Amino acid sequence: MSRAQPDTDVDLSDLDGFWTRPIEERHAVFNALRDQPGLPFFAEREINRAIPAGPGYYALTRLDDIAEASRRPKLFTSGQGATNIADLPKEFLEFYGSMINMDDPRHSRLRRIVSRGFTPRRLDALTENVGRVASTIVDDIIDAGECEAVRSISARLPLTIVCDMMGIPESQHDFVFDRTNVILGATDPEYVPEGTDIFTALLQAGGDLTNLVRELAALRAENPTDDLISALINAEIDGESLTPDELASFFILLVVAGNETTRTAISWGITALTRYPEQRERWLADLDKVTPTAVEEIVRWASPVMFMRRTVAEATALGGQELSAGDKVLLFYWAGNRDPKYFLEPEKFDVLRSPNAHIGFGGPGPHFCLGAHLARREISVMFRELLTRIPDIHATAEPVRLKSSFINGIKHLPVAFTPGGAR
Ligand code: HEM
């Protein structure tokens, strides 16, 4: 089949015209794209003069197609160009050339080394920390009866956990928070004001985080502690260890991937409980039983990472579409997670949804989210804490959404609850 034009007049490359529209419209568009034969093709737009418009991309919206591309990494590569829409300019490689943008054998080597940060022992130790942080978060807001949930709840937990994991002192947490906002919120004027050069802002944020990790690495080389930086700079697996550049870009990947995503999931979770009071009742009726399925449903429903890109290595076919070497395909997890072939009433938030084989953490394959277990624990612990101590927490206004096609983010979410909490 030759290149298919989308059957809708919507342009997925149009941030203002499409991605800021109400989510219900997004549903309708992706449903139409999913139903049309072949794969719809979209032109790219110029991001700035240093990142000119590329050749365009195909959109994968059916879960089967996304899973197939994920399962065949030799054919659908991550290392050719990048996993975002535009190819990574060479100036970015030092900061952003992490394993998410690599193929084997480089990818598996790095993943093997950094996986030592995610062993069951480390995760158990982190879980205790997650519990402590979640409980402090609620201590700090409980008397007020209201707060801005993104800053005070959803962003605070993953930020503290990732920073603690890497051994970043608390005095630097806000510094990290601001830089990760720039990196993932670069298309939103709240984080990178109109008129600012995105290219420069991204390089600056990457450089700032790199300097921070280099300073910490120098300290840990002298005095190793129990944190992940110490483990990584002393990493010697098969005689290999991380180079300073690899450490820096892994650090950036971790703080970026670990913060915005989990924050987004928690914020959408609070929004969902506000919109679906009967689901809150169901969850409250049996916290132990419902929490595992509710957490999966939050990740499916929120789909914090909306897509990743792959680049075709050699001529092949997918979803009834012929593809050539060099073609870009975007794996729209958000759309796959609403594929009616796999999810009954996909728009609905259902804390007991089963089966729920969502692809919110990526499709099956070598890049499946390294932090999925950690993220699940963070979301579980945070909601158990909220639903036990302030069970009537609810949004008092619609979420203010991030302007982005990549992260389904929420920037602000005012919430209220009974001051002092459940009695
Ligand atoms: C709800 C929260 C999260 C979501 C929705 C999410 C989503 C994803 C997705 C979709 C990918 C796949 C990338 C691809 O196939 O190209 C991914 C990869 C990754 N995630 Fe997560 N993530 C979350 C939390 C975390 C956390 C908490 C961490 C670490 C602290 C983390 C670290 C990573 C890393 C390092 C990768 C790259 C893996 C690789 O390339 O081998 N993520 N994540």
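Helices and strands here are DSSP runs numbered from the N terminus (helices are H or I, at least four residues; strands are E, at least two). Keep in mind that this is a predicted model, where local features need pLDDT of at least 70 and side-chain atom pairs count only at pLDDT 80 or more, while totals for chains, interfaces and linings use all residues. Residues are numbered from 1 along each chain as its sequence is written, and side-chain values use heavy atoms, with hydrogens and water left out.

**Around the ligand**
- For His107, a side-chain N or O atom is 2.7 Å from an oxygen of the ligand.

**The iron**
- Cys369 (SG), 2.3 Å away, is the single protein donor to the ligand's iron atom; donors are N, O and S atoms within 2.8 Å of the metal (3.2 Å for Na, K and Ca), and water is not among the atoms, so sites may look incomplete.
- You'll find Cys369 in the loop between helix H15 (333–336) and H16.

**Asn356**
- The loop between H15 and H16 also holds Asn356.
- Asn356 counts as buried at 15% relative accessible area (buried is under 20%, exposed over 50%, partly exposed in between; 1.4 Å probe, protein chains only).
- Asn356 touches Glu296, Glu297, Arg300 and Phe343 (heavy atoms within 4.5 Å), leaving out residues up to four places away in sequence.

How values were computed:
A polar contact is a pair of N or O atoms within 3.5 Å; within protein, one must be able to donate a hydrogen and the other to accept it, and residues adjacent in sequence count only if both atoms are side-chain atoms.
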